[in-house]
Amino acid sequence: LGRSLGPRVAAKIETGLTADCTGLDIDPETGLLRQTRPAYGGNIMATIVTPNSRPQMATVRYKMFPEAEDVASPSGAIVHNQVNFDAVTDRIKLLEFQEAKEQVSITEADIIVSGGLGLGDPEGFKLIQELAEVLDAAVGASRPTVDEGWIDYRHQVGLSGRTVRPQVYIASGISGAVQHQAGMKTSDVIIAINKDPNAPILRISNLGVIGDLYEVIPRLIEKIKENSNGS
């Protein structure tokens, strides 16, 4: 809703708007709102200010910030306005509806298992899917695997993909470029499986497993199944 409403309001009142921000803060010297967002396909982070127009407006990327806490005694008022939809001209026509083959929402998942180029080839995502199934998790992916055509874009995590905030994020064969970290670093628990002990993803992980994912993940699946059967 914000992505649709924000630009319309900004255009109506003739002010600027920075969309899809991943960071907001106030400049202590000027008092201006500093609006940070990815640019050039997620390759750089741009900080934008609106020095001349008011109000300063921005929309925020989904799940980039913690949810607001409930207010015990709210003081706001709800104003109901009647809208005459008969006067609204709709130029959109529904030509066809195709149901998605697979329903996956990495933005809503409590657990995400993601794969990167360390999988070696697209067949590696079968192992990622197997682990995701035993954990009742969603499947995520790094941008390079999507660019290579190994998996569909809707699985992509990162600045140019989806920003996620699961309880557990398992990164398998993902080096952890800045663009990828920006899309998942706010996860509650981050587990990384990587052969490279110097992989950047390990610096932000709560638990790092140094090893071959094709040895680690099958053993992990086996243990999870054993515990599930035991319970």
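Two strands pair if DSSP finds at least two bridges between them. The views below show a predicted model.

**View 1. An open sheet of three antiparallel strands.** Three strands make up this open sheet, and their order is E2-E3-E4. Pairing is antiparallel. Strand E2 (23–26) and E4 are the edge strands, and each of them pairs on one side only. From one strand to the next the twist averages 25°. Four bridges hold the antiparallel pair of E2 and strand E3 (residues 33–39).

View 2. Strand E4 (residues 44–48) contains Met 45. Is Met 45 buried, partly exposed or exposed? Its relative accessible area is 38%, so Met 45 counts as partly exposed. The cut-offs behind that class are under 20% for buried and over 50% for exposed. Leaving aside residues up to four places away in sequence, Met 45 touches Thr 22, Thr 36, Arg 37, Pro 38 and Leu 159. Gly 23 is 22 residues from Met 45 in sequence. In space, the C-alpha atoms of Met 45 and Gly 23 are 9.9 Å apart.

**View 3. An open sheet of five parallel strands.** The strand order is E7-E6-E8-E9-E10, and the pairing is parallel. Why is one side of E7 and of E10 left without a neighbour in the sheet? Strand E7 (138–141) and E10 stand at the edges with a single partner strand each, so one side of each has no neighbour there. The twist averages 20° from one strand to the next.

**View 4. Strand E6 beside E8, with helix H2 on the sheet.** Strand E6 (residues 111–115) and E8 are parallel and share five bridges. Within this pair, Val 113 stands opposite Ile 170 in E8. Helix H2 (residues 124–135) packs on the sheet. The helix touches E6, E7 and E8. Between the directions of H2 and E6 the angle is about 170°.

**View 5. Strand E9 between E8 and E10.** In the strand order, E9 sits between E8 and E10. Strand E8 (residues 168–172) runs parallel to E9, joined by five bridges. Here Ala 171 has Ala 192 of E9 as its bridge partner. Asn 194 stands opposite Ile 210 in E10. How many of the six residues of E9 are buried? Five are, and strand E9 (residues 189–194) is mostly covered.

**View 6. The largest pocket.** This pocket holds about 230 Å³ of space. Its lining comprises 19 residues, and the closest to the centre are Ser 142, Arg 143, Pro 144, Ala 177 and His 180. Helix H3 (143–147) and helix H4 (178–181) each contribute at least two lining residues. By class, 12 of the lining residues are polar, six are nonpolar and one is charged.

**View 7. The second largest pocket.** About 200 Å³ of space lies here. The lining consists of Val 60, Arg 61, Tyr 62, Lys 63, Met 64, Phe 65, Pro 66, Glu 67 and Arg 165. Which classes make up this lining? Five of the residues are nonpolar and four are charged, with no polar residues.

Terms used
Residues numbered from 1 in each chain as written. Predicted model: local features only at pLDDT ≥ 70, side-chain atom pairs only at ≥ 80, totals over all residues. Heavy atoms only, no water. 1 Å grid on protein atoms, 1.4 Å probe; cavity = no way out; pocket = protein on both sides within 12 Å on 5 of 7 lines; lining within 4 Å. Points joined across faces, edges and corners; volume = space filled by probe spheres on them. Nonpolar A, V, L, I, M, F, W, Y, C, P; charged D, E, K, R; others polar. Buried < 20%, exposed > 50% of the residue type's maximum accessible area, 1.4 Å probe, protein only. Axes fitted to C-alpha atoms, helices over the stretch in contact; angles between N-to-C directions. Contact = heavy atoms within 4.5 Å.
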